[in-house]
Amino acid sequence: MENLVVYDGFYKGKKVFLTGHTGFKGSWMTILLQALGAQVTGYALSPDQEQNLFDYAGLDKNMCSNIGDIRNFSALEDAIKNADPDIVIHMAAQPLVIESYKNPLYTYETNVMGTVNLLETIRKLPNVNVCLNITTDKVYKNNEWLWGYREADALGGHDPYSNSKACSELATQSYRDSFFADSNTVIATARAGNVVGGGDWAANRLVPDFIRSIQSGEEVVIRSPKAVRPWQHVLDCLGGYLHLIWQLSTNKNLASSYNFGPENDNIRTVESLIDKVCKAWGESASYRVEGNDSFHEAGLLRLDISRARQELGWQPKWGMETTVSQIVDWYKAFSEGQDALGLCQKQIDEFLLR
């Protein structure tokens with residue numbers, strides 16, 4: 001991994017402060033940054049699932065891992081000051097639509113005030129070069145359009161999760177305009193599609209639910225089978241974030257919001273994705289549909305990635321077939337006793353060298 005030449009070696013030796021490092025995406029981001037030579041300091045709650053990539057990969061052994069709540073301003077401030085980072089990536093969040101209906105207060109406190117706590121801390125630090133706030137494709141006011149949402153489209157969000165993330169975007173914009181316009185720190189936000197990949201065991205997510213069903217010998221149950229989502233492998237998503245940070249480091253004029261999603265081939269229904277995963281898994285894997293209308297969730301959601309493609313020179317690498325095969329390969333190898341960290345590093349190698 002030492003000989004990888006990616007992003008012109010930009011990340012080698014960089015000090016990166018990453019919130020949400022114990023989550024699925026945060027764990028992958030930690031491993032990816034370390035593969036690129038960065039020094040990673042994390043700040044997050046303990047993993048909320050007994051099965052989780054952070055623990056399986058033993059990430060706390062090779063990084064400075066701070067276990068804390070993003071709502072705790074003083075603890076967060078101390079952790080960031082001690083890290084003295086060049087780059088801050090904000091991933092900590094309450095990330096689930098269903099959970100946001102069950103606990104809206106916690107969702108808003110975490111997703112909105114957690115963002116404000118972070119921005120308030122870094123505006124006092126002179127050495128932060130880039131701060132990237134990760135939100136979601138669900139920040140847009142969803143009109144069930146057939147075309148993809150663009151960064152200038154109206155923000156909104158029906159459910160508390162989506163709405164809280166739209167609020168996080170607005171808070172970031174306000175801080176950027178009010179406090180960072182003449183600063184050395186560049187502030188941006190990134191909005192990604194539905195991220196999938198090996199090592200995810202979160203509740204109420206499609207692929208983890210599939211894996212749990214397979215492990216228990218049960219038929220996979222899916223809800224909202226006709227809902228359309230921009231599916232993308234976690235490495236395509238994280239690669240987009242790192243590409244943006246790299247570009248922002250030398251061009252402050254790019255400070256804005258960017259969509260990172262898949263090519264049109266990966267914009268599929270829930271049923272289409274799970275059907276492909278079942279076929280790739282084999283061994284009589286199957287699914288059934290059980291409708292669940294107790295919570296409102298957008299039925300059609302697409303992202304327009306033209307801005308990232310044109311302004312940043314970024315484009316996704318892995319199509320649907322590769323995405324599905326990487327997911328199945330990861331979980332099958334892990335179930336056979338292979339090392340979680342090694343599996344992630346192998347896929348990162350394949351992704352970066354492709």
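**Overall fold and selected buried sites**

The protein has 12 helices and 12 strands, both taken as DSSP runs numbered from the N terminus (H or I of at least four residues for helices, E of at least two for strands). The model is a predicted one, in which local features need pLDDT of at least 70 and side-chain atom pairs count only at pLDDT 80 or more, while totals for chains, interfaces and linings use all residues. Residues are numbered from 1 along each chain as its sequence is written, and side-chain values use heavy atoms, with hydrogens and water left out.

Along the principal axes, the C-alpha atoms fill a box of roughly 60 × 45 × 40 Å. Of the 354 residues, 56% count as buried, that is, under 20% relative accessible area with a 1.4 Å probe and protein chains only. Contacts (heavy atoms within 4.5 Å) reach well along the chain: among those between residues at least 6 apart in sequence, 81% join residues at least 24 apart.

An α-helix has 3.6 residues a turn, so residues three or four places apart point the same way. Just after H3, Asp84 adopts a positive phi of about 45°.

Strand E2 also holds Gly42, which counts as buried at 0% relative accessibility. Beyond residues up to four places away in sequence, Gly42 touches Leu18, His21, Met63, Cys64, Ser65 and Asn66. Its C-alpha atom is separated by 11 Å from that of Asn62, 20 residues apart along the chain.

Turning to helix H6 (residues 160–179), one finds Ser168 there. Ser168 is buried, with a relative accessible area of 0%. Its contacts, leaving aside neighbours within four places in sequence, are with Asn111, Thr115, Asn133 and Thr135.

Note on methods: Buried < 20%, exposed > 50% of the residue type's maximum accessible area, 1.4 Å probe, protein only.
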